[in-house]
Amino acid sequence: MIPFSPPRIDDRVIAEVTAALKSGWITTGPRTKKFEKNITEYTGCKTTVAVNSWTMGVQVLLSYWGIKPGDEVILPAYTYCASANVIVHAGATPVMVDLNEDDFNLNIEKVRAAITPKTKAIMAVDIGGLPADYNELMNLINEPEIKAMFNAGSDFQEKLGRILLLSDSAHSFGAMYHGKRSGSLADISSFSFHAVKNLTTAEGGALCFNLPQQFNHDEIYSEMCTKILHGQNKDALAKTKKGNWRYDVIEPGYKCNMTDLQAAIGLVELERYQENLDRRKVIFDAYAAGFKNESWAIQPLYESDVKRSSYHLYLLRIADITEAQRDAIIQEIFEQDVSVNVHFQPLPILTAYKNRGYKMSDYPEAYSKYANEISLPVYYDLSDDNVKRVIAAVKHAVKHVIG
Ligand SMILES: *Cc1c(COP(=O)(O)O)cnc(C)c1O
């Protein structure tokens, strides 16, 4: 069976995790701090806070930014549930918008139409690893009429003076946009290092801050580190300094710090990340070439004049089929011992969001992209022969189901 997206665990990773274990320091410590610094350097952002998942990082962030009941956060209807769940947990309302016709990104004019005086943030999602249209989004939220509509509900919001631009960069580590790397494209970006993501720490995530110059990023770093560790003003490592036992709790914080065992994996992964991206691109190019002459294949956009994907998900679509036919094709692909997936079920079809009154019929682009989508395996260790097997399995399955 060709798996969908196994993590790359080899002797180097095992050696580094072993070294962390043997060091005697297994929770947040020197490896996590180094990992944060390396991410800041790699992405070109101003400061990075490592956390135990994308989800907890963004949840703490929304609270830090003062997002609360009555507020609205705009996001695409087509994303993983985590993007919306954290907004619900903040007590705010997820305002979903539909996608562009030609790619998987949220549509700027639909974002514009969704902005109200309650809008506090826009969360763009880099689906599959292709960055959203950040310049257009930034221009939109800086338009005088849009800025005039903004109501600040916290000191940070007042200081920014406009809607916050967030990036759900869970898929886009290493992606480029106008010569800049993901992590430095929005005010604040959030990565996921979950086991299936391009760069993994088993579970984990990072918040990359890239706010305008009126913000003090050293202060933000230190406040966020307090927030993710019970509100304690000293972390465990600082407390080990001689006689330095006393600490205070400034506020009831959360508990979602990254451990040095996770950072050990991340340090190795980051050091050899370009290799990973290069291999992924070879696989993407092979899929693109393999399906080029098939009239039913709608290929995903992964490179343009201004964007380069992180090659996270190959979002193949099959023209003119129903959801049931797509499911039958997937079944047939699995019969040939190839694992595929669907990214994503749009939020309005999930019970949690259907029950909150969202209707799939309000997001026709999201539905049509979901209904005929099949994500193909992409990972460093996927061999050329197995790429060929995937292509053959998909072609056979499509022929079998639609003739
Ligand atoms: C994986 C993922 C997340 C959540 O990441 P966790 O680290 O599992 O919390 C959020 N958004 C998108 C688009 C994802 O794919």
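Predicted model: local features only at pLDDT ≥ 70, side-chain atom pairs only at ≥ 80, totals over all residues.
How many nonpolar, polar and charged residues does the lining of the largest pocket have? By class, the count is 11 nonpolar, 12 polar and four charged. Here Ala, Val, Leu, Ile, Met, Phe, Trp, Tyr, Cys and Pro count as nonpolar, Asp, Glu, Lys and Arg as charged, and the others, Gly among them, as polar.

Residues are numbered from 1 along each chain as its sequence is written, and side-chain values use heavy atoms, with hydrogens and water left out.

**The largest pocket**

- The largest pocket holds about 480 Å³ of space. (On a 1 Å grid over the protein atoms alone, a pocket is an open set of points with protein on both sides within 12 Å along at least five of seven lines, while a cavity is a set where a 1.4 Å probe fits but cannot get out; lining residues have an atom within 4 Å of a point.)
- Volumes here are the space filled by probe spheres set on the points, which are joined across faces, edges and corners.
- There are 27 lining residues, and Tyr80, Ser192, His194, Val196 and Lys197 are the closest to the pocket's centre.
- (Helices, H or I with at least four residues, and strands, E with at least two, are DSSP runs numbered from the N terminus.)

**The ligand**

- The space taken by the ligand is that largest pocket. (A molecule sits in a pocket if more than half of its atoms lie within 2 Å of its grid points.)
- Around the ligand are 15 residues, with Thr55, Asp168, His171, Ser192 and Lys197 coming nearest. (Near means that a heavy atom of the residue lies within 4 Å.)
- This shell splits into six nonpolar, seven polar and two charged residues.
- Helices α3 (54–64) and α4 (81–89) each supply at least two residues of the shell.
- A side-chain N or O atom of His171 is 2.7 Å from an oxygen atom of the ligand, and for the side chain of Lys197 the distance is 3.2 Å.

**The cavity**

- The count comes to one cavity of 30 Å³ or more, and the largest cavity has a volume of about 40 Å³.
- Its lining has five nonpolar, five polar and no charged residues, including His171, Ser192 and His312.

- Most residues other than glycine have a negative phi, and most peptide bonds are trans.
- Tyr311 is not a glycine, yet has a positive phi of about 55°; look for Tyr311 in the loop between β11 (307–308) and β12 (314–318).
- His343 and Phe344 are joined by a cis peptide bond, with omega about -5°; Phe344 is in the loop between α13 (323–335) and α14 (351–354).

Technical notes: Polar contact = N/O pair within 3.5 Å; in protein donor to acceptor, adjacent residues only side chain to side chain.
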